[in-house]
Amino acid sequence: MTRSLLGAKLVDVGGGSLARITGVDAAAEVAPQQVGLTAGAVDSIWSSVEALYRTGAYPAATFCLRRRGRIVLNRSIGYAQGGGPGESRGPHARLAEPDTPICLFSASKAVTAMLMHKLAEEGGVDLDNRVSRYLPEFTGGGKDRTTLAQVLSHQGGFPMFDVDPADGPETLLDWQRCIELICAAPAEKGGKRLAYHAITGGFILAEIIRRVTGMSFTDYLDTRFRQPLGMRYFTYGLDGRSRGRVATNYVAGQPVRFPISMLARQALSADFAEVVDISNRDYFMDAVVPAGNLYSTAEELSRFYQMMLDGGRYDGRQVMQPDTIRRAIKPAVRLRYDHTLKIPMRYSEGLMLGVNPFGLYGPMTGSAYGHLGFMNILGWADPDRDIAVSLLVTGKSILGGHLLALGQLLSTLSWQCRG
């Protein structure tokens with residue numbers, strides 16, 4: 001029987017072969033007809049999520065779909081702990097639930113970017129000004145003319161920095177050391193080349209927020225987004241009392257081999273498996289990594305994108321101004337080759353944009369905006385379909401049959417929610 005969440009209580013509501021490991025937030029889900037969908041359309045979307053889970057690439061997956069501002073699906077499949085590849089599901093195995101917090105990895109970047117846009121809205125920064133105006137030590141090696149807007153759109157000229165192998169990847173959790181390394185690293189002139197800034201841009205943006213406001217980066221997030229949106233989690237790092245609920249990340253799928261392993265290391269500044277291992281450690285949850293360790297539920301991430309879809313408004317409160325949202329989602333980079341990701345990408349100042357005829361968010365999603373996280377974590381809004389969607393997964397796999405199933409899910413969403 002499928003598990004349904006009514007408050008904190010689990011009840012049986014019937015279901016299919018995956019029902020035993022499926023959680024349904026029945027209290028939140030509205031009837032499809034209330035948002036202009038058919039029951040068949042919603043069933044088709046959820047069947048595509050189940051098909052994605054059946055590929056075996058994700059020990060746990062949580063999914064939330066809003067349409068016309070209402071929750072249509074808020075569900076989970078699988079195990080938050082104890083269900084990884086090769087793991088026996090013993091007494092300590094724990095099922096995922098719709099409100100299980102999961103690390104967003106690079107999908108965190110969208111929130112960091114929107115905090116910078118919020119600071120610009122408040123008059124604290126001008127996005128077209130140089131980074132060095134707010135961070136004087138950010139001047140060497142071609143960085144002296146780089147603007148905040150260029151950093152936001154992955155044209156800052158400093159997509160990566162070297163981490164001494166002797167120090168280990170834990171260096172990425174040392175805020176001050178990262179700022180020093182990024183400022184000392186060579187760079188090219190901002191705006192010259194498109195290259196995804198996997199770690200570097202987030203630290204620079206967050207450090208500017210910290211210096212300009214005099215607040216910690218986490219406090220700025222808390223007062224501008226987390227509290228106004230009524231989030232339970234939605235924090236960089238995770239406090240001790242919440243760690244008993246967090247989902248464990250796993251290496252899954254086909255082994256990562258050269259040359260993909262080399263490209264992954266260049267982008268992440270650490271080996272693929274090391275990143276996964278570190279993400280499950282207490283010291284990772286103690287740290288603040290602006291480009292990579294926001295913790296959220298699927299519903300919370302969908303709620304964030306719904307706020308953006310609604311012109312910055314949530315629950316009767318103007319969280320961000322409509323003009324701020326318009327600038328944040330406006331294309332800043334046409335479809336161009338990304339020298340870090342090695343694929344064509346299209347960016348706004350902080351967000352990954354959809355592409356026609358087929359892009360990151362499915363077919364004919366050229367108006368969609370959001371962000372991808374390591375690996376196959378997605379959060380986005382699509383104004384053409386009036387949807388805000390999030391897919392959070394715990395398996396970290398680059399290659400495998402799950403990619404076909406993910407493409408099918410995105411295509412089903414785009415098709416069923418059209419019009």
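Biologist: Of the 419 residues of the protein, what percentage counts as buried?

Modeller: This is a predicted model, in which local features need pLDDT of at least 70 and side-chain atom pairs count only at pLDDT 80 or more, while totals for chains, interfaces and linings use all residues. Residues are numbered from 1 along each chain as its sequence is written, and side-chain values use heavy atoms, with hydrogens and water left out. Buried means under 20% relative accessible area, exposed over 50%, and partly exposed in between (1.4 Å probe, protein chains only). Of the 419 residues, the buried share is 58%.

Biologist: How many helices and strands does the secondary structure of the protein come to?

Modeller: The elements are DSSP runs numbered from the N terminus: helices are H or I over at least four residues, and strands are E over at least two. Counted in this way, the protein has twelve helices and 21 strands.

Biologist: Among contacts between residues at least 6 apart in sequence, what percentage joins residues at least 24 apart?

Modeller: A contact requires heavy atoms within 4.5 Å. Among contacts between residues at least 6 apart in sequence, the share that joins residues at least 24 apart is 65%.

Biologist: Which residues have the most contacts inside the largest nonpolar core?

Modeller: A nonpolar core is a set of buried Ala, Val, Leu, Ile, Met, Phe, Trp, Tyr and Cys residues joined through side-chain atoms within 4.5 Å. The largest such core has 128 residues. M116 belongs to the group asked for, and among its partners beyond four places in sequence are V125, L148 and I208. The residues with the most contacts inside the core are F63, M116, F225, F304 and Y305.

Biologist: Is the pair of F304 and Y305 stacked or edge-to-face?

Modeller: Rings of Phe, Tyr and Trp (its six-membered ring) pair if their centres lie within 6.5 Å; planes under 30 degrees apart count as stacked, over 60 as edge-to-face and the rest as tilted. The structure holds nine such aromatic pairs. F304 and Y305 are each buried. Their ring centres are 5.5 Å apart and their planes stand at 80°, so the pair is edge-to-face.

Biologist: Which residues do ring pairs link into a cluster that includes F217?

Modeller: F217 and Y236 are buried; their ring centres lie 4.9 Å apart with planes at 45°, so this pair is tilted. F217 is in helix α6 (residues 217–226) and Y236 in strand β8 (residues 235–236), so the pair ties together parts 19 residues apart in sequence. Ring pairs link into a cluster W175, F203, F217 and Y236.

Biologist: Which residue has its charged end over the ring of F138?

Modeller: A charge sits over a ring if NZ of Lys or CZ of Arg is within 6 Å of the ring centre and within 35 degrees of the ring normal. One example is R75, which lies over the face of W46 at 5.3 Å from the ring centre. Over the ring of F138, 5.4 Å from its centre, sits the charged end of K143.

Biologist: How far apart in sequence are the parts that D99 and R245 tie together?

Modeller: A salt bridge is a side-chain nitrogen of Lys or Arg within 4 Å of a carboxyl oxygen of Asp or Glu, and the whole structure has 21 salt bridges. In the one between D99 and R245, the closest N and O atoms are 2.9 Å apart. D99 lies in the loop between β6 (94–95) and β7 (102–103), and R245 in the loop between β8 and β9 (250–251), so the separation in sequence is 146 residues.

Biologist: What distance separates the C-alpha atoms of S414 and M364?

Modeller: S414 lies in helix α12 (residues 402–416) and is buried at 5% relative accessibility. M364 lies in the loop between β17 (362–363) and β18 and is partly exposed, with a relative accessible area of 46%. The two residues are 50 apart along the chain, and their C-alpha atoms are separated by 7.6 Å.

Biologist: Which residue does a cis peptide bond join to F374?

Modeller: Most residues other than glycine have a negative phi, and most peptide bonds are trans. A cis bond joins N356 and P357, with omega about 5°. In the cis bond of F374, omega is about -25° and the partner is M375.
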